[in-house]
Amino acid sequence: MSIKQVTVKAPATSANLGPGFDVFGIALEQPNDKVTLTAINNDDGVKIQVSGMGAKTISLTPEKNTAGRVAEIMVRDFKLKEGLQIHVEKGIFPGKGLGSSAASAAAVAVGINAMFDLGLSNKQLIEFAAKGEVASAGSEHADNVSAAVCGNFVLIRSCNPLEIINLECPKDMELAVAMPKIITPPNKTEKARAVVPKLVSLEKHVYNLGKAAAMAVGFAIGDVDVIGQSMLDDIVEPSRAALVPGYDSVRENALNAGALGVTISGAGPSMIAVVNRKTCDAAKVAAAMREGFLSSGYDANVFATRPGKGSYVVEMKQ
Ligand code: HSE
């Protein structure tokens, strides 16, 4: 082992995209986490430092930290001879539904793979990164980590065994994101998963299936209009809308500003809209979404971005 330090960038991601609960995910060009792994003495195990967005809210105990959990599992499974010092520079605000924990987990998996030349496939990297999600969500789910590893659009065809389909996004696709300034509890995702119905009617299943199938076709044929217009969910979103103050106003404002579709990003509370840049300005949609949150008494950070690539090594030092 001659590599002593690896730095990886990992993208924010948005899961579900409306009808695809735990199945659809997309990587965003911005924001990113930057994670640096440094080899240390094996006896020191895994040590974590966090700086940047919301750093104070993140546990530094490896098993309670998505990055730390992935590192400990990989050190154990591959019988690595070194310990690891992990520095996570958060560009993705935690607890907002933008795959912050998944990005750190994916970055560590990609970083360890590069540092120790393990030759892991994307699928194997996702399986390790998904184990990190337990630290924040209480259960493994692969939508965010798959998008954070592979980039662009991912579809989880099966969770166990893991089977994913990874597709490019249309070049005209832009995304408007609004992150309300709400303090979310550390177990926010677990709570947002607890409100999701365990049983659904055939009618709702048929509704969602139609939208999900159309969205997948939209990505396959590269049609942003089909993707955005299919961003509808009659199962999970109605149960979570009450957890997002201003949900109705944000939705209405985004559509009135020209968005093709709008939904809760992951487990929320952020909302994300799909825009065709040929016909609509994503920055204007984002501003309209902020007005929606403001009308409910909450300010929001908003931005426009595009689909992005997966995690990648930016630097390696010997
Ligand atoms: N699919 C997951 C959920 C994503 O909606 O609970 C959470 O980040």
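Predicted model: local features only at pLDDT ≥ 70, side-chain atom pairs only at ≥ 80, totals over all residues.
**View 1. The shell of residues around the ligand.** The ligand is surrounded by Ala15, Asn16, Phe21, Asp22, His141, Asp143, Asn144, Thr189, Arg193, Arg240, Gly266 and Ala267. At least two residues of the shell come from each of strand S1 (5-16), strand S2 (20-40), helix H4 (143-150) and helix H5 (188-194).

View 2. A polar side-chain atom of Asp22 lies 2.5 Å from a nitrogen atom of the ligand, and for a polar side-chain atom of Asp143 the distance to a ligand nitrogen is 2.6 Å. In the side chain of Asn144, an N or O atom is 2.9 Å from an oxygen atom of the ligand. The ligand taken alone exposes 260 Å², of which the protein buries 95%.

**View 3. The two covered faces of strand S9.** Strand S9 spans residues 271-276, and six of its six residues are buried. In a regular strand the side chains alternate between the two faces of the sheet. Here Met271, Ala273 and Val275 are buried on one side, while Ile272, Val274 and Asn276 are buried on the other.

**View 4. The partners of strand S9.** Strand S7 (residues 173-180) pairs with S9 in the antiparallel sense over six bridges, and Glu174 stands opposite Val275. Strand S8 (residues 261-264) also runs antiparallel to S9, joined to it by four bridges, with Ile264 as the bridge partner of Met271.

**View 5. The hairpin turn between S8 and S9.** Six residues lie between the two strands of this hairpin, and Gly266 in the turn has a positive phi of about 55 degrees. Gly266 is also one of the residues that surround the ligand.

Conventions:
Residues numbered from 1 in each chain as written. Heavy atoms only, no water. Near = heavy atom within 4 Å. Polar contact = N/O pair within 3.5 Å; in protein donor to acceptor, adjacent residues only side chain to side chain. Areas by Shrake-Rupley, 256 points an atom, 1.4 Å probe, with all protein chains shown as cover. Buried < 20%, exposed > 50% of the residue type's maximum accessible area, 1.4 Å probe, protein only. Pairing = 2+ DSSP bridges.
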